[in-house]
Amino acid sequence: MPIKQHIQQSVTKALKAIYNKNFIGSDFQINQTKPEFEGDYTVVLFALTKPLKQKPEEIGKTLGDYLVQQHQDLFTHYNVIKGFLNVTIKDAHWLTVLNDYQNIQYGFKSANEKKVMVEYSSPNTNKPLHLGHLRNIFLGWSVAEILKANGYDVVKTCVVNDRGIHICKSMLAWQKFANGATPQSTNKKGDHFVGDYYVQFEQELRNQAEPLIEQVIQGTFENVVTEDAEKLNTLYQLLLKATEVEDKEKIYTLKEDIKEIIRNNTPIMQEVKDMLRKWEAGDQAVLALWKQMNTWVYEGFDVTYKRIGSDFQKIYYESDTYLLGKKYVEEGLQKNIFYKKEDGSVWIDLTQEGLDQKLVLRKDGTSVYITQDVGLAKLKYDDYQMNQSIYIIADEQNYHMQVLKLICKKLGLPNADGMQHLSYGMVELPTGRMKSREGTVVDADNIIDEMIQIATQKTKEQGKTEGETEEVLKKLYTTIGLGALKFFLLRVDPKKRMVFNPEESIDLHGYTGTFIQYAYARIQSILRKEKNIPSKKLNTNEPLLPLEKKWLIILEEYSQTIETAAQTFDPSHISSYAYHLAKTFNTFYAEHSVLNAETENKKILRLRAAILTAHVLKSAMGLLGIEMPEKM
């Protein structure tokens, strides 16, 4: 039983015995005691003052006396500071942590017979994976592994967005500009090859649109051929008025509206819309090109996924699922969940839920994204009957996910209550936000190469690579580079936006994966010198040194940390824990010897703690998808 849970049970039983009142663990907080105070754990008493009608200091003294007297096997003494009861745990308890020093599954829970689906990655087949995808993938993979460690049966899935106007943009650009080129003929990775044509399409679109946009903003409409000419004139008149009063926000919005109308009516956009209509009609030539280009992209994706260690049990393709939601629209109309407007479009009114009215079927009978996602949610449940379905999707889709869950609940779909959106913040660069259309996105393969290059340079600077083969060093540099990348992207609370700086992510002395890997390698170096760990029973009467106790306290908290990470879907709890464990070991090692300990008992204790620390660091970093080098 984790020590916090043990303390909670002891406190609730004590409160019942002393005051004849029932409390549960969530009625009060238990935290590690701050370093400036004496004690191991602190019971926060303020929430108990009202129901017990006593001052916190009085409650603390009464409770402390009871715990020390009645639970002498656990508590040695206490002190009360204002509303905080600081208790000290008996040294013998911390030594029980070392009973599991050889258990490589230490901290993991047994199976709980609950199934969870984790959906992540969700790439488009018009461009390669980029830095934003990496945060998504690392989050999804890590959350899945953390849930497994908590006993869940986990299914990892990916939804590939392989149809739509954005896919046709790459296809049309290839037709216009490639002259029959292929990834093989250009010696390019397939996803990079196709992505180049998406950027080329957007460049050609700008070339066609920008002169017309400038003309309209200046009030000239002669060269604009569009059925929206009247609307453009209206926007221009509004723009004049906004300019007169210097309404900057209105000016920006109106200019963007003008740009969008012009862009949508350029010759190249008319061509791409025609290609999309042919795809939906089953045109054989268009479908053949679509399949070929998607094949190139999938081959490229697979290389990157293998490189970063990502995997899926099931991949769903939008081209197979985009029609699934239509029958639920008909069902919703019959149940008055949806309503039809005069133009034939179908909507749902979510104003009572604090949202708005949402389109679920266009007037021409085609699906929108929310409709497709409803059908896919039901398909996924039919495939796996999971208790919970976690969507790893950026915070830009918060509204979409709220609507999806509400619609599924109203339709009575079986997994609606179990739908969970892990909303994460976007990754930005020191120079600002990335933009796919402009080709300023940081490619995933390129950032991986850069991280390995930085790892290579910094490792060589340490001067400790002599005698190793090129093959061993290449693997080491990759392990360090990828580890630094994953740790940097996972050490931040997923809900927060973050700025990625490669140079900051590899540092032997900072809050980095490299620091933790180095601590692990240091332990392995110690253990190689002492291959036979004595099986002698530890003497529990020999007092623990302060740093020994701190070390064991952190080891004891691993199980609770894994549980918290699973409850919050937040791998940063694991990264923070691994860092503090590594830092605590390094602090201990700087002041005390393991192999040349003061007594034989101390040597055994520290060797076992070192072995368990190595297991836990490797386990924790493994939950983040990070490998640990035996030497650095």
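The second largest cavity holds about 50 Å³ of space. A cavity is here a set of points, on a 1 Å grid over the protein atoms alone, where a 1.4 Å probe fits but cannot get out, and its volume is the space filled by probe spheres set on the points, which are joined across faces, edges and corners. The residues that line the second largest cavity are Gly325, Tyr328, Val329, Phe338, Val360, Ile370, Thr371, Val374, Ile407 and Leu411; a lining residue has an atom within 4 Å of a point. Helix 14 (326-334), helix 15 and helix 16 (398-411) each give two or more residues to this lining, and the largest share, three residues, comes from helix 15. Helices (H or I, at least four residues) and strands (E, at least two) are DSSP runs, numbered from the N terminus. By class, the lining has eight nonpolar, two polar and no charged residues. In this scheme Ala, Val, Leu, Ile, Met, Phe, Trp, Tyr, Cys and Pro count as nonpolar, Asp, Glu, Lys and Arg as charged, and the others, Gly among them, as polar.

The model is predicted, with local features needing pLDDT of at least 70 and side-chain atom pairs pLDDT 80 or more, while totals for chains, interfaces and linings use all residues. Residues are numbered from 1 along each chain as its sequence is written, and side-chain values use heavy atoms, with hydrogens and water left out.

The whole structure contains two cavities of 30 Å³ or more. The largest cavity has a volume of about 60 Å³ and is lined by 13 residues, of which Ala377, Lys378, Asn415, Ala416 and Met419 lie nearest its centre. Helix 15 gives the most to this lining as well, with four residues. Nine of the lining residues of the largest cavity are nonpolar, two are polar and two are charged.

Helix 15 itself comprises the 16 residues 369-384. At 1.5 Å a residue it should span 22 Å, and its end C-alpha atoms are 22 Å apart, which agrees; the expected span is 1.5 Å times one less than the number of residues. Among the buried residues of helix 15 are Ile370, Thr371, Val374, Ala377 and Lys378, where buried means under 20% relative accessible area, exposed over 50% and partly exposed in between (1.4 Å probe, protein chains only). Just after helix 15, Gln385 takes a positive phi of about 45°.

Ser345 is buried, with a relative accessible area of 4%. Its side chain makes a polar contact of 2.8 Å with the side chain of Trp347. A polar contact is a pair of N or O atoms within 3.5 Å; within protein, one must be able to donate a hydrogen and the other to accept it, and residues adjacent in sequence count only if both atoms are side-chain atoms. Leaving aside residues up to four places away in sequence, Ser345 touches Tyr339, Lys340, Leu359, Leu361, Arg362 and Lys363, contact being heavy atoms within 4.5 Å.

Finally, the chain as a whole may be considered. The chain has 24 helices and 14 strands, and 51% of its 632 residues count as buried. Its C-alpha trace spans about 95 × 70 × 55 Å along the principal axes.

How values were computed:
On a 1 Å grid over the protein atoms alone, a cavity is a set of points where a 1.4 Å probe fits but cannot get out, and a pocket is an open set with protein on both sides within 12 Å along at least five of seven lines; lining residues have an atom within 4 Å of a point.
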